[in-house]
Amino acid sequence: MATKPPKEDPVQDAPQVAEPKHAAAGLPAIGHTLRIAQQQMGVKRTALTLLRVNQKDGFDCPGCAWPEPDHRHAAEFCENGAKAVAEEATLRRVTPEFFAAHSVADLHHRSGYWLGQQGRLTHPMYLAEGAEHYEPVGWEQAFDIIGEEIAALSSPDEAVFYTSGRTSNEAAFLYQLFARELGTNNLPDCSNMCHESSGSALSETIGIGKGSVSLEDLYKADLIIVAGQNPGTNHPRMLSALEKAKANGAKIISVNPLPEAGLERFKNPQTPQGMVKGAALTDLFLQIRIGGDQALFRLLNKLVLETEGAVDEEFVREHTHGFEKFAEAARAADWHETLTATGLTRAEIEQTLDMVLASERTIVCWAMGLTQHKHSVPTIREVVNFLLLRGNIGRTGAGVCPVRGHSNVQGDRTMGIFERPAPAFLDALEKEFGFAPPREHGFDVVRAIRALRDGDAKVFFAMGGNFVSATPDTEVTEAAMRRARLTVHVSTKLNRSHVVTGARALILPTLGRTERDLQVGPNGKSTEQFVTVEDSMGMVHASRGRLVPAGPHLLSEPAIVCRLARRVLGENSRTPWEEFEKDYATVRDRIARVIPGFDDFNARVAHPGGFALPHAPRDERRFPTATGKANFTAAPVEYPELPEGRLLLQTLRSHDQYNTTIYGLDDRYRGIRNGRRVVLVHPEDARLLGVADGSYVDLVGEWKDGVERRAPGFRVVYYPTSRGCAAAYYPETNVLVPLDATADTSNTPASKSVVIRLEAGVRGPTAAV
């Protein structure tokens with residue numbers, strides 16, 4: 001039976017701490033999955049819903065973007081995917097009566113965990129200027145309010161249209177179409193905060209900002225390097241792919257400042273042997289210092305160059321550009337500097353080289369541990385150099401594998417959610433829809449916050465997500481949001497962004513992935529619709545919800561965009577918005593005519609499992625770059641400098657968390673239970689700093705602007721991190737990430753390399769996050 005949400009916020013700064021685990025999944029994962037699912041959905045709903053997750057005739061998990069194999073288990077989901085589904089399919093409801101009982105001021109002091117546990121939103125809600133409570137509002141009135149505020153702008157560029165990665169292809173295409181027909185490219189999205197560095201580096205070097213491998217490539221690889229990534233928590237289904245690769249003979253190198261249980265041993269809950277014994281995954285663990293990855297790959301490239309016969313000279317000659325300049329920089333790599341930057345030993349790097357040279361097919365996978373530093377783009381370019389040297393792009397079982405975090409974040413970008421659109425895309429839009437899209441670049445996430453802060457943006461519209469909690473420099477971001485004339489959030493559940501508002505605010509409730517989407521067609525009959533998504537490896541497939549919606553007042557995301565466009569653009573628009581709302585197949589027909597790779601979209605997506613988008617470097621070793629070849633690059637080696645008496649902090653997720661959604665207060669694999677305000681510090685570093693295990697400290701960020709950023713009341717946990725490094729959960733520590741501390745080129749917040757000092761602190765009430 002489903003249980004009621006907690007009445008009060010639980011304590012989050014007094015956890016029970018045990019030794020970290022050395023294996024992931026297994027029976028504990030099954031038990032935890034069923035417990036949370038039944039608390040939210042009840043027994044019957046749990047069974048009916050989970051058995052449809054990631055099935056070919058079911059719905060795509062609203063969690064991570066890891067692809068599904070062609071042959072699927074009956075339970076094709078992971079623990080965290082089940083949590084995401086349970087939170088969406090919950091029986092708990094947030095009704096107008098809830099908002100009448102809780103003022104915005106009251107909700108502001110609640111934690112994100114408590115807000116999320118209240119359940120599904122059921123009605124459009126409006127916060128009038130000067131009001132203390134949200135009140136229910138009709139959909140037409142809500143669109144009128146948005147229309148009034150947009151009409152009052154001096155320029156369309158004073159509006160910001162943010163997108164979460166959960167949005168479907170159809171909704172994303174319509175959303176960018178509306179924004180551009182309105183006259184702006186202000187389309188920031190969650191990619192700006194995660195894999196923008198990957199897209200920037202890959203677009204320059206191989207000509208397409210996406211990964212080049214498939215699941216089949218992983219199964220056929222000789223060597224898989226997993227760098228700056230924790231699959232056991234963030235992409236658990238990746239562990240089964242790594243297990244299969246190991247069974248086929250692959251070696252795995254893990255590169256991470258923290259030991260991660262899932263990469264040590266995976267207890268596959270799908271098999272009896274896996275449940276009991278599991279499979280050891282990592283052959284070599286490189287416990288690298290935060291931000292030292294570029295130096296590591298640069299030295300490996302030097303060593304490959306110095307090894308006779310190690311370079312694929314034919315590939316380099318036929319398919320690459322810039323080799324000599326790159327080789328000159330690589331040959332200058334210094335052992336001493338590399339050992340300083342990485343914290344590794346010479347023996348570990350030499351062992352890595354031996355494994356690299358023994359491999360004919362190598363894949364490098366990475367996530368936020370590589371993308372959220374000042375020097376992230378040069379780091380990923382160096383990874384590409386590493387693969388190009390031995391011909392490991394465009395070869396079966398080899399390539400680049402940036403692992404995207406959110407279900408359709410890659411699809412959103414494919415659909416045109418981008419503040420810097422390619423001219424060819426805008427040309428195609430103009431030809432298809434008969435209007436002139438704006439050509440000037442818009443705001444990304446960081447620039448959008450600055451624009452709101454400085455009064456250059458006045459309307460903020462979010463299609464999904466939890467912008468306030470996901471973004472850096474929390475105090476600056478919240479102040480910026482409060483300067484807006486209107487903030488609007490299309491959401492399934494309550495989150496902190498709903499209580500940090502502009503002068504006026506709207507919450508628009510939408511259907512979830514799990515729910516049936518019925519639209520009334522021209523004949524007056526309801527027709528069931530489906531949407532599509534693109535996974536992290538470029539496969540596009542359908543997603544069909546089956547549950548009855550959480551309430552009769554919910555609209556789908558495509559319907560919300562279409563009705564908003566009709567209200568705001570009016571008769572000036574020749575786009576058939578009403579037709580698009582009634583039949584998503586008509587949207588897919590237009591996508592097919594605008595975006596390369598989507599020919600015969602409706603016919604191809606009807607195939608169970610969907611279809612693969614073309615990828616020129618993978619499919620034909622053709623590189624659509626400025627030079628027409630894959631580009632070697634050369635850049636100075638960078639790594640974070642750490643003043644004496646300071647630590648280098650990385651923000652990360654707990655195991656009971658997906659992005660900013662907090663499912664519970666445990667981080668089971670790291671031995672943390674019933675708490676989140678913890679900082680993980682190496683025992684030797686803590687002793688040198690005079691900090692005892694279990695003591696309380698304030699985390700104080702230090703950056704060149706001289707502004708003190710403080711996260712108070714964190715319990716110190718002795719933990720086997722890399723020396724000089726620390727870790728703590730976000731969004732609690734986003735307050736420490738300066739808005740202007742971003743990656744060169746990509747402008748991604750540098751959340752993985754924050755210089756902090758520890759000051760004696762006390763337990764006590766802290767600002768809600």
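Let's start with a cluster of aromatic rings: Phe98, Phe99, Trp114 and Tyr134 are linked together by ring pairs. Keep in mind as we go that this is a predicted model.

How are the rings of phenylalanine 161 and phenylalanine 461 arranged? Their centres are 6.2 Å apart and their planes meet at 45 degrees, so we call the pair tilted. What I like here is where the two partners come from. Phenylalanine 161 sits in strand β7, residues 159-163, while phenylalanine 461 sits in strand β16, residues 459-463.

For contrast in geometry, have a look at phenylalanine 598 and phenylalanine 601. Their pair is edge-to-face, with 4.9 Å from centre to centre and 65 degrees between the planes. Phenylalanine 598 and phenylalanine 601 are buried too.

Now, back to phenylalanine 161 and its surroundings. Leaving aside residues up to four places away in sequence, it touches Ile150, Tyr175, Phe178 and Leu187, among others, and Phe461 is also one of its contacts. Nonpolar side chains in soluble globular proteins tend to be buried together. In our model, the largest nonpolar core has 58 residues, and Ile146, Phe161, Phe461, Leu508 and Trp577 are those with the most contacts inside it. Which element gives this core its largest share? That is helix α8, residues 169-182, with 8 residues. There is also a second, separate core of 49 residues, including Trp366 and Leu389.

Arginine 346 lies over the face of tryptophan 335, 4.0 Å from the ring centre. Over at phenylalanine 611, the charged end of arginine 604 sits over the ring, 4.0 Å from its centre.

Finally, some backbone details to look up on your screens. Tyrosine 730 and proline 731 are joined by a cis peptide bond, with omega at about 10 degrees. Proline 731 is in the loop between β32 (725-729) and β33 (754-760).

Then we have two asparagines with positive phi. Asparagine 659, in the loop between β26 and β27, has phi near 50 degrees. Asparagine 674, in the loop between β28 and β29, has a phi of about 60 degrees.

Key:
Residues are numbered from 1 along each chain as its sequence is written. This is a predicted model: local features need pLDDT of at least 70, side-chain atom pairs count only at pLDDT 80 or more; totals for chains, interfaces and linings use all residues. Side-chain values use heavy atoms; hydrogens and water are left out. A nonpolar core is a set of buried Ala, Val, Leu, Ile, Met, Phe, Trp, Tyr and Cys residues joined through side-chain atoms within 4.5 Å. Buried means under 20% relative accessible area, exposed over 50%, partly exposed in between (1.4 Å probe, protein chains only). Helices (H or I, at least four residues) and strands (E, at least two) are DSSP runs, numbered from the N terminus. Contact means heavy atoms within 4.5 Å. Rings of Phe, Tyr and Trp (its six-membered ring) pair if their centres lie within 6.5 Å; planes under 30 degrees apart count as stacked, over 60 as edge-to-face and the rest as tilted. A charge sits over a ring if NZ of Lys or CZ of Arg is within 6 Å of the ring centre and within 35 degrees of the ring normal.
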